[in-house]
Amino acid sequence: MYTIENKFLTVTISPKGAELQSMYNKEVKLEYMWSGDPAFWGKHSPVLFPIVGTLKADTYYFNDQAYQLGRHGFARDMDFIVTEQAADAITFSLESNAITMINYPFAFRFAVKYELNGNSVQTTYSISNKGIGAMYFSVGGHPAFKIPLVEGIVYNDYYLQFNQPERAGRWPISKDGLIEMIPTEVLNQSDRLPLAKELFQTDALVFKGLSSNSVVLKSDKNPHGLSFDFTGFPYLGIWAAKNADFVCIEPWCGIADSVNTNQQLVHKEGIHVLQPAKNFERSWSVTLF
């Protein structure tokens, strides 16, 4: 495990999957991340690359060849190496290799940087195309925040407040993990989403094209919560395992296959194209209060 800290925060990260394990606010003496209880969901904050979500039959086609990738890709299960480290910042890197090339035929360098600024943690994904042709990929985050944060209040006391009123619908997920074709209403010109465990009984809430670029997790019964900025991420997932005491706020540059996909990688919704020797970068940040 690796730790970065400043006068406000202590943050712990595992080199496996470059995965956040803990965000501890020294000022208020609170842990903000989910414990990773395997009885519900044994992860804390997996990194999603080179796909986000599920492929139809876990398969895509590129240059007339079939390739297999499991849900959310392989980065979350691989060992990263530390390439930069300071007291309040650290960068983990993953390079393509013979194993990754079997089912993802692109040469890449993928870096995940965590940096503290006051009581905020910024996560930056940097992707470089090291190959000779165009590279196709998606990337995203999956951090899980524990709720309730303190004793004396309950899960349903919390809500998510978007920074703009939203009319976006929820895009349902099929039993195979694919995006259905017709959204259902969740937010109707409202900026508030009350949280309840029943929301996630059939998987995540998936949003496309939100007007907002940030959301606050909070309760009117306690002053502590967090603000989450996802500027530059066109998709957002909100999820929790069934009956678990956490909520994931998931910024995505990419999305699961739709139920009517043709499985061609170059046609995949949300896919990014990166030319040789070019770089791609996106950051999300969370401020703890």
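Modeller: A residue is called buried when its relative accessible area is under 20% and exposed when that area is over 50%, with partly exposed for what falls in between. The model is a predicted one, and a salt bridge here requires a side-chain nitrogen of Lys or Arg within 4 Å of a carboxyl oxygen of Asp or Glu.

The structure has 11 salt bridges. One of them joins Lys 197 to Asp 245, with 2.7 Å between the closest N and O atoms. This pair brings together distant parts of the chain, since Lys 197 belongs to the loop between β18 and β19 (205-208) and Asp 245 to the loop between β22 (235-239) and β23 (246-253), 48 residues apart. Asp 245 counts as partly exposed because its relative accessible area is 36%, and Lys 197, at 21%, is also classed as partly exposed.

Another salt bridge connects Lys 221 with Asp 157, where the closest N and O atoms are 3.1 Å apart. Here too the link is between distant parts of the chain, 64 residues apart, with Lys 221 in the loop between β20 (214-219) and β21 (222-229) and Asp 157 in the loop between β14 and β15.

Asp 220 is exposed at 60% relative accessible area, and Arg 192, with 36%, is partly exposed.

Against these pairs stands Arg 76, in the loop between β7 and β8 (81-86). Arg 76 is buried and yet has no salt bridge, the nearest side chain of opposite charge being that of Asp 77, at 4.1 Å. Because the cut-off for a salt bridge is 4 Å, Asp 77 at 4.1 Å is not counted as a partner of Arg 76. What the side chain of Arg 76 does reach is the backbone oxygen of Arg 71, at 3.0 Å. Setting aside neighbours within four places in sequence, the contacts of Arg 76 are Lys 16, Gly 17, Lys 43, Pro 46, Val 47 and Arg 71.

Asn 63 sits in the loop between β6 and β7 (65-68) and is exposed, with 63% relative accessible area. Gln 189 is placed in the loop between β17 (184-185) and β18 (190-194), and its 48% relative accessible area makes Gln 189 partly exposed.

There are also cis peptide bonds to be noted. The bond from Phe 49 to Pro 50 is cis, with omega near 5°, and Pro 50 is part of the loop between β5 (47-48) and β6 (59-62). The bond from Ile 147 to Pro 148 is cis as well, with omega near 0°, and Pro 148 lies in the loop between β14 (144-146) and β15 (158-166). The loop between β14 and β15 also holds Asp 157, the partner of Lys 221 described above.

Methods. Residues are numbered from 1 along each chain as its sequence is written. This is a predicted model: local features need pLDDT of at least 70, side-chain atom pairs count only at pLDDT 80 or more; totals for chains, interfaces and linings use all residues. Side-chain values use heavy atoms; hydrogens and water are left out. Helices (H or I, at least four residues) and strands (E, at least two) are DSSP runs, numbered from the N terminus. Buried means under 20% relative accessible area, exposed over 50%, partly exposed in between (1.4 Å probe, protein chains only). Lys and Arg count as positive and Asp and Glu as negative; His and the chain ends are not counted. A polar contact is a pair of N or O atoms within 3.5 Å; within protein, one must be able to donate a hydrogen and the other to accept it, and residues adjacent in sequence count only if both atoms are side-chain atoms. Contact means heavy atoms within 4.5 Å.
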